[in-house]
Structure formats: structure tokens, C-alpha cells
Amino acid sequence: MVEAKPEAVRTQGLVKRFGAQVAVAGVDLVVPRGSFAGLVGPNGAGKTTTLSMITGLLRPDAGLVEINGHNVWRDPVKVKSRIGVLPEGLRLFERLSGRELLMYNGELRGIPRAEVEQRAAELLRVMDLVDSQDKLVVDYSTGMRKKIGLAAALLHNPDVLFLDEPFEGVDPVSANTLVDVLQRYTSSGSTVVFSSHVMDLVERLCDWVSVMSRGSVVAQGPLDVIRNGRTLNEAFLDLVGARGTGEEGLSWLGSSSV
Ligand SMILES: Nc1ncnc2c1ncn2[C@@H]1O[C@H](COP(=O)(O)OP(=O)(O)OP(=O)(O)O)[C@@H](O)[C@H]1O
């Protein structure tokens, strides 16, 4: 009998509190291998906190995180060597050029220099950053930062890639580039998990969706199951209980009142 491979990501009962605030209240997140997975939820739902705990950046108060069957918090070095992360806020080494940043990342990952040089050159070309490769990262625009951050996260060819709001502040041309690279990456069987508020994009790209609300996963599964005949935006509004008439309050707003 062939043993089933573990999921790319599995969490059980993940909890994080900040003082009296429960940011993540027992999250059971599942992402099958090879998925292009979207993590969606209203502001403050706990997406960033969950991703931070999954990627070994923030220690959970309770619960279990496994990536490809390996316990992240018991074996962090092994797991971190096989994942790529584009975190929120994207803190980068600002005084390095884009090219130096990739070379440094490659060295940190223990990849032979000649291999890093080749991979960095290819990534810079695909990300359309060749002309800016010698510019300091501090002088990069928001979209350029996302692209060099994604290049750095891909350099060691991870099994699973985690991206927190990768398309935020990115122009349509750069967004297309990011999408092309990510689709090429998942088509070879690797897994992407990304958080986003852009429902159209999640609907277009993802085959798996997890919906969070108030610190919990309220729905997850294949995109079509979550949509259930609706647009993803409609499904999202139904699931997070955010449908209102929008007519209450703000009666003073607009030109008809004084
Ligand atoms: N370091 C922190 N200290 C205190 N509270 C925090 C901290 N980080 C997050 N929180 C709180 O935890 C909750 C979840 O925040 P989180 O950033 O995970 O949500 P999110 O779903 O990523 O939101 P958004 O879509 O707005 O980015 C929020 O109420 C937030 O105020």
C-alpha cells in the first residue's frame, strides 16, 4: 500500500494571545500539496498572526504546526530550509543592492556561489529588475521591493512558499509578473499560500481557499466548494457575516445635508 503524503500545511488548535486580545483562537488550517492557496479574511481576522506562527516567526501559545509532515516548532531549522517567506512589512537589508541581496541570501542558504549567481541572474531577468540590480534596496519602489523579496524567497527553490499580501501596492504589470512566476512555481507541484484582500485575484489564481474570521477558520476547501455557485466575494461576505444594507448611519455625509 502506498502511504498518503502529508499535507503541505496542517495546523491544529493554533492559539495566539496579545495580552487580553485573542488574535488566533484555535486555528485548524489545511493546505494540500501542490495547491495555489488563498488565505482571506477581514482586517484583524488573524491572517498575519497565523502565517507568522506557521513560518516559525512567532511562537504559538498553543497548537501544532506541520509543514510537509515536519513539526515547525520542534524542528525549525529543517523546516525553514524548505520554505520561502515573503513577510508582511518586508524588512529587507536596505543597504545592499538587489543583486547583493540575492547573493547574500544564497550564501546564508549554503548554495554554491556559481549556482547562486546563475539563479540570481535568472530571477532578476524574470522579475524585470536587471536595470535596477545595482540600485540599493532602500531606493526600490513598493513593487520592486515585492519582486526582489519574492526572488529572495524563491532562490533556494523551497517546497512551500508563504506570501503575506504579495500584491499590495503592486502595479498591474508587476502583479502580472508575480502571477506568472507563482503559476510556474505551482505547476511543478510546489505549494503557494498567500493572504490577500483582493477577491478577484484569489478567485482567478487559487484552487484552494481558507477563510478566517475573528481568529478562526470559518471555511476552507477547493475554490468551487467555497464559492458554491456564488462569486468568491459573495461567498466571503456571507461567511464572515458582513452583509449589511450600508444605509444606517452617516446620514450627514453627502451634499444633501448641512
Ligand atoms: N503584536 C501585536 N500586539 C497586539 N495585538 C496584535 C499584535 N499583532 C496582531 N495583533 C492583533 O491581533 C489581531 C489579528 O491581527 P492580524 O494582523 O493577524 O490580522 P490580519 O487578518 O492579518 O489583518 P489585516 O487584514 O488587517 O492585515 C488584531 O486584532 C490585531 O490588532
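## Basis of the model

The model is predicted, and local features are reported only where pLDDT is at least 70, side-chain atom pairs count only at pLDDT 80 or more, and totals for chains, interfaces and linings use all residues. Residues are numbered from 1 along each chain as its sequence is written.

## Overall build

The chain has 9 helices and 11 strands, where helices (H or I, at least four residues) and strands (E, at least two) are DSSP runs numbered from the N terminus. Its C-alpha atoms fill a box of roughly 65 × 60 × 40 Å along the principal axes.

Buried residues make up 38% of the 258 residues, a residue being buried if 20 or more other C-beta atoms lie within 10 Å of its own, exposed if 12 or fewer, and partly exposed in between, with C-beta atoms placed from the backbone. Of the contacts with a separation of 6 or more, 68% are between residues 24 or more positions apart, and two residues are in contact if their C-beta atoms, placed from the backbone, lie within 7 Å.

## Two domains

The chain is divided into domain 1 (1-82 + 160-170 + 187-242) and domain 2 (88-157), with bounds that come from an automatic or database domain assignment. The C-alpha centres of the two domains lie 26 Å apart, and the contact between them takes 7 residues from domain 1 and 6 residues from domain 2. The side of domain 1 that touches domain 2 has 3 nonpolar, 2 polar and 2 charged residues; in this scheme Ala, Val, Leu, Ile, Met, Phe, Trp, Tyr, Cys and Pro count as nonpolar, Asp, Glu, Lys and Arg as charged, and the others, Gly among them, as polar.

The residues around the ligand are Phe18, Gln21, Ala23, Gly41, Asn43, Gly44, Ala45, Gly46, Lys47, Thr48 and Thr49, where a residue is near a molecule or strand if its C-beta atom, placed from the backbone, lies within 6 Å of it. By class, this shell has 3 nonpolar, 7 polar and 1 charged residues. Strand β2 (21-27) and helix α1 (47-54) each supply at least two residues of the shell, and α1 gives the most, with 3 residues.

Alanine 25 is placed in strand β2, and it counts as partly exposed because it has 14 C-beta neighbours inside 10 Å. Leaving aside residues up to four places away in sequence, alanine 25 touches Val15, Gly215 and Ser216. Its C-alpha atom is separated by 8.8 Å from that of glycine 46, which is 21 residues away along the chain.

In helix α3 (residues 98-108), the buried residues are Gly98, Arg99, Leu101, Leu102, Asn105 and Gly106. They lie on the same side of α3, because they cover an arc of only 160° around the axis, the arc being that of the directions from the helix axis to the C-beta atoms. What covers these buried residues includes α4 and α5, whereas Glu107 and Leu108, on the other side of α3, are exposed.

In helix α9 (residues 232-239), Leu232, Ala235 and Phe236 are buried. Because they cover an arc of only 100° around the axis, they lie on the same side of α9. An α-helix has 3.6 residues a turn, so residues three or four places apart point the same way. The cover over the buried residues of α9 includes β4 (36-40), α7 (199-205), β10 (208-213) and α8 (223-227).

## Residues with positive phi

Most residues other than glycine have a negative phi. Aspartate 128, although not a glycine, has a positive phi of about 60°; aspartate 128 is in the loop between α4 (113-126) and α5 (142-154), and with 14 C-beta neighbours inside 10 Å it counts as partly exposed. Arginine 214, also not a glycine, has a positive phi of about 50° and is found in the loop between β10 and β11 (216-222). With 16 C-beta neighbours inside 10 Å, arginine 214 counts as partly exposed.
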